[in-house]
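Good morning, colleagues. I shall take the structure through its loops, its helix packing and its charged side chains, in that order. Please look at the model as it comes up.

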Amino acid sequence: MSALEKELESSKVHDIFTILRTQLAGDQELKECLQHALEPLEESVRELYTSLQTIHNPGKLSFSSICERGDAMLLISRDKLKALIIALPTGRYYKFNSMWSFSMQRLVTCLSLIHYLRKGTLITQVQVSEQLELDPDRFNLILEDYLVGILFMASELSRLTVNSVIQGDYKRPFEIFKFVTELNAGFKLLHFKNDHLRKKYDSLKYDVRKIEEVVYDLTLRGLSPESEET
């Protein structure tokens, strides 16, 4: 290779890395912009989640009123999410989605918990997306975030099982046990190749055992719904 060819080749390498440097600087600037938009969402989701923790010690509040308060706070979180989506350029979702993954999981937890307390059923991934008014062309609720959020919800129900007994509600643990058992059976249909999801699923097995122990103890004490009917 001649001296001229070497110089030209060196120049090409320099140009390539100059372009890469510009791209990296642009990505960093965008990341900082997204982080600025994300912080209000994170705060609103924390407040929503904290508000729903009242179910574990409701006092004179009904679950219905707690859910209604959650609905109002959800509107705030949804507005903050829309602000984040506006800041995200089209086509860049998967480049940065790990930034807001935990917030989306928490939103799934909150929505699924409210849905269960009202209807006793599992909210779907589509229903969550609809309630958050997501545009799939710009911002998706990925399956992993949905599943992890549901697993977090199951842990909340496990905790609610114990607290229901403390509050003198002996019927709810049996309802929760039936629901979480069905949930566990559903997760068994999934073949996890994702280590993160598999570890999270292990927590569901623990939650099922914990709820089962409470239900077993209530049954021995003659406090099951069947015992009360007889």
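I begin with glutamate 133, which lies in the loop between helix H5 (125-131) and helix H6 (143-166). Helices here are DSSP runs of H or I with at least four residues, strands are runs of E with at least two, and both are numbered from the N terminus. This is a predicted model, in which local features need pLDDT of at least 70 and side-chain atom pairs count only at pLDDT 80 or more, while totals for chains, interfaces and linings use all residues. Residues are numbered from 1 along each chain as its sequence is written, and side-chain values use heavy atoms, with hydrogens and water left out.

Phi of glutamate 133 is near 55°, a positive value in a residue other than glycine. With a relative accessible area of 41%, glutamate 133 is partly exposed; buried means under 20%, exposed over 50%, and partly exposed in between, for a 1.4 Å probe and protein chains only.

I turn now to helix packing. Two packed helices are described by the angle between their axes and the distance between the axes. The axes are lines fitted to C-alpha atoms, for helices over the stretch in contact, and the angles run from 0 to 180 degrees between N-to-C directions.

Consider H6 and H8 to start with. Their axes are 9 Å apart and the packing angle is about 20°, so H6 and H8 are roughly parallel to each other. Angles under 35 degrees count as roughly parallel, over 145 as roughly antiparallel, 65 to 115 as roughly perpendicular, and the rest as oblique. H6 passes H8 in a left-handed crossing, that is, the near helix is turned anticlockwise from the far one by less than a right angle, whereas clockwise would be right-handed. Among the H6 residues in this contact are Leu147, Leu151 and Val162, and the H8 side includes Leu204, Ile211 and Leu218. Contact means heavy atoms within 4.5 Å.

Helix H8 (residues 195-220) also packs with helix H7 (residues 172-188): their axes come within 10 Å and cross at roughly 150°. H7 and H8 are therefore roughly antiparallel to each other, and their crossing is left-handed. Phe174, Phe177 and Phe187 are among the H7 residues involved, and they meet an H8 surface that includes Tyr201, Val208 and Val215.

The contact involves, among others, Cys67, Asp71 and Leu74 of H2 and Leu107, Leu111 and Arg118 of H4.

Aspartate 71 forms a salt bridge with arginine 118, the closest N and O atoms being 2.4 Å apart. Since aspartate 71 lies in helix H2 and arginine 118 in helix H4, the pair ties together parts that are 47 residues apart in sequence. Both are partly exposed: aspartate 71 has a relative accessible area of 28%, and arginine 118 one of 45%.

How many salt bridges does the structure hold? There are 10 salt bridges, a salt bridge being a side-chain nitrogen of Lys or Arg within 4 Å of a carboxyl oxygen of Asp or Glu. Another of them joins arginine 92 and aspartate 27, at 2.8 Å from N to O. Arginine 92 lies in the loop between H2 and helix H3 (93-96) and aspartate 27 in helix H1 (residues 3-52), so this pair ties together parts that are 65 residues apart in sequence. Arginine 92 is partly exposed, at 26% relative accessibility.

Aspartate 169 and arginine 172 also form a salt bridge, with the closest N and O atoms 3.2 Å apart. Aspartate 169 is partly exposed at 27%, whereas arginine 172 is buried at 19%.

Arginine 106, found in helix H4 (residues 101-119), is buried yet has no salt bridge; the nearest side chain of opposite charge, glutamate 156, is 5.7 Å away. Charge is assigned with Lys and Arg as positive and Asp and Glu as negative, while His and the chain ends are not counted. Leaving aside neighbours within four places in sequence, arginine 106 is in contact with Val45, Tyr49 and Phe152.

Glutamine 105 also lies in helix H4 and is buried, at 7% relative accessibility. With neighbours within four places in sequence left aside, its contacts are Asp145, Val148, Gly149 and Phe152.
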